Amino acid sequence: MHFVCTIVIPRGFAGLSRELWYVLNRRGTEILPVRILTAEPAWLGNTKRMKMKMSDQKSEKFFDQTCASGYDQLQTKLAPLRASLDALTAAILSDLPADARVLCAGAGTGAELIPLARKFPGWRFTAVEPSAPMLEVCRRKVEESGIADRCVLHGGYLDSLPASEEFDAATALLVSHFILDRADRVRFFRGIGKRLRPGGWLVSCDLSADTSSSEYSSLLDVWWNIMKTAEVPPEAFDRMRESYGRDVALLPPGEVQGIISSAGFGRPVQFLQTGLIHGWYARVPA
Ligand SMILES: C[S@@+](CC[C@H](N)C(=O)[O-])C[C@H]1O[C@@H](n2cnc3c(N)ncnc32)[C@H](O)[C@@H]1O
């Protein structure tokens with residue numbers, strides 16, 4: 001879909017953008033093909049973005065300035081959940097060569113990149129991230145961590161990443177569930193696979209559930225209890241829950257596994273479930 005209208009919100013009022021979006025796009029019924037931007041110079045200067053499809057805009061819509069500022073705070077509050085994901089990701093990839101090249105697709109603020117870079121001091125990273133505010137936080141943290149010389153940060157999607165030497169591994173943590181269309185989601189993983197060497201590793205995790213099952217409503221109660229420990233207000237949790245199935249493709253674990261396989265990877269192995277978060281690793285056939 002192409003946008004008929006762009007609303008630009010001054011940087012100081014960036015917090016309004018999400019509310020405005022909810023008013024204009026109620027419950028997934030996109031009344032007007034409207035896009036909402038905060039006045040980030042890097043975004044406004046790029047006319048190519050105006051031609052993007054609605055699905056491509058999701059990450060910018062969600063991962064705006066406000067989100068980027070609060071993302072790490074929430075991650076810190078949810079640190080016990082994140083710890084197992086980070087530990088397992090490092091364990092899965094620990095046999096990679098000392099000078100491995102790792103692609104972080106949807107790197108966000110660097111939540112997986114920074115711990116991996118600290119643990120494996122010879123590894124080099126390429127972070128791909130379409131949200132300018134998220135990438136900016138990532139850039140700052142990369143510089144503060146003293147790892148900038150081992151990192152390439154790419155603002156955009158994977159398809160615009162210049163060709164380079166093959167990667168030994170890739171991460172896509174909490175990313176693919178934002179791709180609503182199944183074929184696009186397969187394409188996302190296929191795009192990652194094409195950048196990996198034969199035998200290269202993918203570590204991926206997404207929110208996943210069989211929303212038609214009775215377990216789902218039970219698990220949502222647990223999810224809410226987890227969010228409460230992170231001081232997420234009830235109305236924010238309601239918005240989160242409403243977004244599941246509408247803005248977040250909450251698919252049963254077997255379907256996500258099937259999507260990864262359809263993208264050309266060997267059989268994905270589920271290594272994690274923390275609440276709604278499910279993790280898989282898979283390899284490009286050697
Ligand atoms: C929930 S964050 C996860 C960030 C990080 N991987 C982590 O584990 O904290 C999802 C990120 O994926 C990015 N994203 C969304 N769709 C994407 C796509 N198709 N390709 C690459 N990144 C995408 C968003 O901009 C956002 O920064």
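Two residues are taken to be in contact if their C-beta atoms, placed from the backbone, lie within 7 Å. By this criterion, and not counting residues up to four places away in sequence, Leu202 touches Ala170, Ala172, Ile192, Phe265, Tyr281 and Ala282. The model is predicted: local features need pLDDT of at least 70, side-chain atom pairs count only at pLDDT 80 or more, and totals for chains, interfaces and linings use all residues. Residues are numbered from 1 along each chain as its sequence is written.

Leu202 also belongs to the largest nonpolar core, a set of 60 residues. Such a core consists of buried Ala, Val, Leu, Ile, Met, Phe, Trp, Tyr and Cys residues joined through C-beta atoms within 7 Å; a residue is buried if 20 or more other C-beta atoms lie within 10 Å of its own, exposed if 12 or fewer, and partly exposed in between, with C-beta atoms placed from the backbone. Val102, Cys104, Ala105, Ala170, Ile192 and Leu202 touch the most other members.

Seven strands form an open sheet with mixed pairing, in the order β5-β4-β3-β6-β7-β9-β8. Strands (E, at least two residues) and helices (H or I, at least four) are DSSP runs, numbered from the N terminus, and two strands pair if DSSP finds at least two bridges between them. The edge strands, β5 (151–155) and β8 (269–274), each pair on one side only. Strands β3 (residues 101–105) and β6 (residues 167–173) run parallel and are joined by three bridges; in β6, Ala169 is the bridge partner of Val102.

Among the residues of helix α4, those that are buried are Gln65, Cys67 and Ala68.
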